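I opened the model today and kept notes as I went. The entries follow the order in which I looked things up.

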Amino acid sequence: MHHRFRPRRLARAALTVALAASPLVIAACTQYPNSVFHARTDTNRDIGFLFEILIWFGSIVFVVVEAILVYTLIRFRRRSSTTRQPEHVHGNTTLEITWTIIPALILVFIAIPTVRTIFRTQSRAASDALQVEVIGHQWWWEFRYPQYTVRTPTGKLDTVVTANELYLPKGRTVNFTLHSKDVIHSFWVPSLSGKRDLIANHTNYLWFTPDSAPSTAYNGFCVEYCGASHANMRFRTFVVTPDEFQSWIAHQETPAAFATPLPTPTTPTPVAGPNAKPTASAAPGGAPAAPAPAAAPAPPPTSVAQAGFIAFPRDSMPAYTIPKTPVPDIQYSNPYGDPARGAELLMKGQGACLGCHTIRGNPSMIGQIGPNLTHVGSRTTIAAGLYPNDDQHLALWIKNARKMKPGVLMPTIGLNEYDPQLNTTTKAGLTDQQIADIVAYLRALK
Amino acid sequence: MATTATAPVYAGAEEHAESGLWSWLTTVDHKRIAALYLGTSLFWFLAGGLEASIIRAQLAFPNGKVVSAEMFNELFTMHGTTMIFLVVMPLSAAFFNLLIPLQIGARDVAFPRLNAFSYWVYLFGSIFLNVSWFVGSAPDGGWFGYTPLTTFAYSHNLNIDFWVLGLQILGVSSLAAGFNFITTIINMRAPGMYFMRMPIFTWMAFIVQFLIVLAFPVITIALVFLQFDRFFGTNFYEIAQGGDPLLWQHLFWIFGHPEVYILILPAFGLVSEILPTFSRKPLFGYPVMVYSGMLIAFLGFGVWAHHMFAVGMGPIADTVFGVTTMLIAIPTGVKIFNWIFTMWGGVLRFTTAMKFAITLVALFTIGGISGVMHASPPADLQQTDTYFIVAHFHYVLVAGSMMGLFGGVYYYFPKFTGRMLDEKLGSWHFWLFFIGVNLTFFPMHFSGLYGMPRRIYRYDVGQGWETFNLMSSIGVIFQILGVAIGFWNFWRSRKVGAIAGNDPWGAPTLEWSIPSPPPDYNFARVPTVTSRYPLWDVKSPTLTSDVPHSRLGEERVDVDVGGHHTGKVGRAIGNPPGGPVGASTRAPGSPLTPVPPRRLPTARELGIPMPNPSIKPLFVALFMTLMFSSLIAIHKDKVPLAVALVITFAGAMTASLYGWLLTPLEDEH
């Protein structure tokens, strides 16, 4: 009657699964860039300790229960020769009390460190913490640094603000203040900390210290379902040295400026892949530094070239932080773009960019709905971490954002482009040449 | 036993059509309603499974292009909504309907027409919800429907309207059934069927009905708020007017967590029936199983906010809800061990039903362990809204609820239809499904802990998730094959399966004492119950060894088997205890003893008054559904039309309801 002996297969399957599981956990750190087991912050180390307890107790309970079960199935299976009638046992109080108390004890061992960790991670953040305000939008992230102020073109005091790319100094506690402009979102960098929701009419807090994090980039995600492009609401977190952070934030405080475009090959590269290099201004030791005067309302913006750390060097970006999202079918002739012409187009309100976007330093660009584009040229990605920030993708994005990212609020701007939300073709819009000019301008906004 | 002797001679009820479409539309027989629930919920299982299959096709590879973002969001919303409200709950209801009256020795439920009404509301509600696919606006807010995403400000189309109204309609069905079953169990138990002699499935069903009648009002209120926001311009959830998004979350999860136990306890009940039968041993620790079921249900109302650790409730609330959640692991663990020790020392027969039941015990444990992991709030912040959670609740609901329910189908199919399911096909169904479930859901633990968020329609390459997602998608193929074989088995065996007889499994409880399928009146003579295991007392009185099933000195047995009174010590009809099961009738040398076809006496001949069939519950349900549906016209800017339709259908519903209430349930006697 060997073919009847099926429980053994069940046992084997359970065992295989359990065995397959353990090396995967160990391999986590190398192969899995977004693993929650990366212990790069104080918070994640605490959580990792809890996970260790949970996984150990969980595995023990699993093995014990399944072993007893499988043993029972094997030992008490009906054999063809069986004539025995089972004894009708109705229960056993001692046994039942035992298997009530043992789980209860295990839970005590889990509950105590759990409660300690709750109170430790949710205590008040260190008073000298870096403050970062995170504001969720459908479907992008606004990051503000309220400790670093700037003047807007209208003379108001504002904070340093950026979008979809978060810079954190290593070794300093960062305290996030989180809320949402619309639906609920959730802020999560799995390698650094647990998640926290962004909720309208609520303010949430989250802090951690990226103390053992090397200078590198991490992926962040929105993890609360927030509508059509929930999957496309990602961001990058750059953990950098304190010096680099100071240099970056000082640069962010300056208004927009663009270097005169280098006559280097921004021209017909059909698809700019992840290898696209930023223009030379990011390289240290280039042109001499010439900080722009604050809030200079002078249209054509002054040419500035920066030195020092103004953005995480693209060469050092780990592969998993470079988006490889396939591009939808949008025709674009990719002409040569002139940044000065692009600046002028925006000034005149072409494409209606000024309705939603701010570029500090460009007095007509004061929109508040979309991401702040002041230093957009220094960002590594566009569209909330969906595409690499290069000429090609930026042009396609401007031409037909709604094909590039489902449901997006930004309208389809390219002339004669089909708008998938309105189900119409835009009769008025930007030509490829105009788009190329605007792209050249935006890309120069380092 | 005195029932028949002293029964008044009733004027015989009219003979009712036993077949034909009309007989099904008008039926108030709990067994036929159970069959309707079974068929309908299995149909929606295919629909929900198709939705899941498309989801897995989309996610099999990075940056999948099978469906659009919008379509994906509709798919996962409808997958969840379908599987919870249109599959697991009504599939459980199929068993409640079939088994509660049979297990407590009753002739029907307390309110047979209300029972029919519950079914029709479920049917029309489920159709309404799915009509949304055909108008291109399937719900897309997730099964949890978080505001403000589902408020009109962020969802202008009809998608959420269908969801809100559909859930309201389905809630009516669940509540009506809940009150019906509670009344039935309290009032209609046969003589001697004390609460602590009730079969454990009926106990779990009883507990579930209390969960339903306590939890559904909460979601009803939450949905009424949302419905009023969307249709009538109120501001319960409108954030622009200062609405609090957390109001919805708290209301939803105060319903939503008990709902989890509404989904799992019926399966626990079925497993607690199956394991003793195929171990030939009583359930180990029956009282503890009852009390742990109650405790799970009670604690289930105090843990809702563990779904909300990420919303920032503060350390006190996190601690409280974390600890209460951990507490639930204790009664659940007790159940697992009691099941294992039910089998310990038994003579185990691995029928398909038994395999499904054992698998629930084995795999629910995994879902339970990951459940404890979520109960630790700081760790949960790294798990919630990732695929780890998806893995967890699919282990609970597929490897738990669905395994138990499939086991229930294999176990009770003979009672539904009078025929056995094919054990060979059943074995294929089980093994393919078992492999598929594990291959699909186990890797999700890893994709989750390696950072993959839930509800994303695509993910980028190089994130470390490709292998796990591909494994999950391949697992679905196994599940599809298993389910296809299983459904073929259900379809085929209903006509050509081996004749089951009263008691094909050698089971201990009352439902197996009567013919399969049972006559409309169930019990020719209402039995007097003296034990938790009356049939074992009849058939194998020697089994009880030193601990008797019944109280000492009490008359052992008094049940009808196959319409014939067995007397003090019964003779076994059907299979001899421990005999082989599931062999096909046509297999030569089959040891199964088919009961020779013989005419059962009708209710009239026995003088048993039975409720008359009625079409009115169907009308009330139909007009109620249409009344709710008419609200949709408001969002098509046809307010006068909407008002006219609502008033018309409300009038028609009220008229049908009066017609129902003014018609007596039974003929005069």
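**Entry 1**

**Entry 1: confidence**

I checked the scores next. The model has ipTM 0.88 and pTM 0.88. Chain A averages a pLDDT of 83, and 82% of its residues score at least 70.

Chain B averages a pLDDT of 88, and 88% of its residues score at least 70. In chain B, residues 551–597 have a pLDDT below 50, and the model gives this stretch 104 contacts beyond near neighbours in sequence. Residues 1–14 of chain B stay under 50 as well, with 22 contacts beyond four places in sequence. I noted a caution for myself: where pLDDT is low, the predicted coordinates should not be read in detail.

**Entry 2: chain B and its helices**

I counted elements and found 19 helices and two strands in chain B. Buried residues make up 64% of the 669 residues in chain B. Of the contacts in chain B with a separation of 6 or more, 82% are between residues 24 or more positions apart.

Helix 6 (residues 159–187) of chain B has 29 residues and reaches 43 Å from its first C-alpha to its last, close to the expected 42 Å. Of its 29 residues, 22 are buried, so helix 6 of chain B is largely enclosed by the rest of the structure. Helix 11 (residues 352–374) of chain B has 23 residues and reaches 33 Å, close to the 33 Å expected. Helix 11 of chain B is mostly covered, with 23 of its 23 residues buried.

**Entry 3: nonpolar cores**

Which residues touch the most other members of the largest nonpolar core? They are B:V271 and B:V361, in a core of 321 residues. Helix 4 (residues 69–104) of chain B gives the most to this core, 22 residues. Another core lies apart from it; this one has seven residues, among them B:A507, B:W512, B:L535 and B:W536. I also listed contacts of B:V271 beyond four places in sequence; they include B:W339, B:A357 and B:V361.

**Entry 4: helix 6 of chain A**

I looked at which residues are buried in helix 6 (residues 339–347) of chain A: A:P339, A:G342, A:A343, A:L345 and A:L346. They lie on the same side of helix 6 of chain A, because they cover an arc of only 160° around the axis. These buried residues pack against helix 9 (432–444) of chain A. After helix 6 of chain A comes A:G349, with a positive phi near 85°.

Most residues other than glycine have a negative phi, and most peptide bonds are trans. I searched for exceptions. A:A352 has a positive phi of about 60°. A:A352 is in the loop between helix 6 and strand 11 (381–382) of chain A. Is A:A352 buried or partly exposed? A:A352 is partly exposed, because 15 other C-beta atoms lie within 10 Å. B:R280 has a positive phi near 55°. B:R280 is buried, with 25 other C-beta atoms within 10 Å.

For cis bonds, I noted B:T147 to B:P148, with omega near 0°. B:P148 is in the loop between helix 5 (112–134) and helix 6 of chain B. Another cis peptide bond joins B:S516 and B:P517, with omega about -15°.

How values were computed:
Residues are numbered from 1 along each chain as its sequence is written. Chains are lettered from A and ligands numbered from 1 in the order in which they are written. This is a predicted model: local features need pLDDT of at least 70, side-chain atom pairs count only at pLDDT 80 or more; totals for chains, interfaces and linings use all residues. pLDDT is the predictor's confidence in each residue, from 0 to 100. Helices (H or I, at least four residues) and strands (E, at least two) are DSSP runs, numbered from the N terminus. The expected span of a helix is 1.5 Å times one less than its number of residues. A residue is buried if 20 or more other C-beta atoms lie within 10 Å of its own, exposed if 12 or fewer, and partly exposed in between; C-beta atoms are placed from the backbone. A nonpolar core is a set of buried Ala, Val, Leu, Ile, Met, Phe, Trp, Tyr and Cys residues joined through C-beta atoms within 7 Å. Two residues are in contact if their C-beta atoms, placed from the backbone, lie within 7 Å. The arc is that of the directions from the helix axis to the C-beta atoms.
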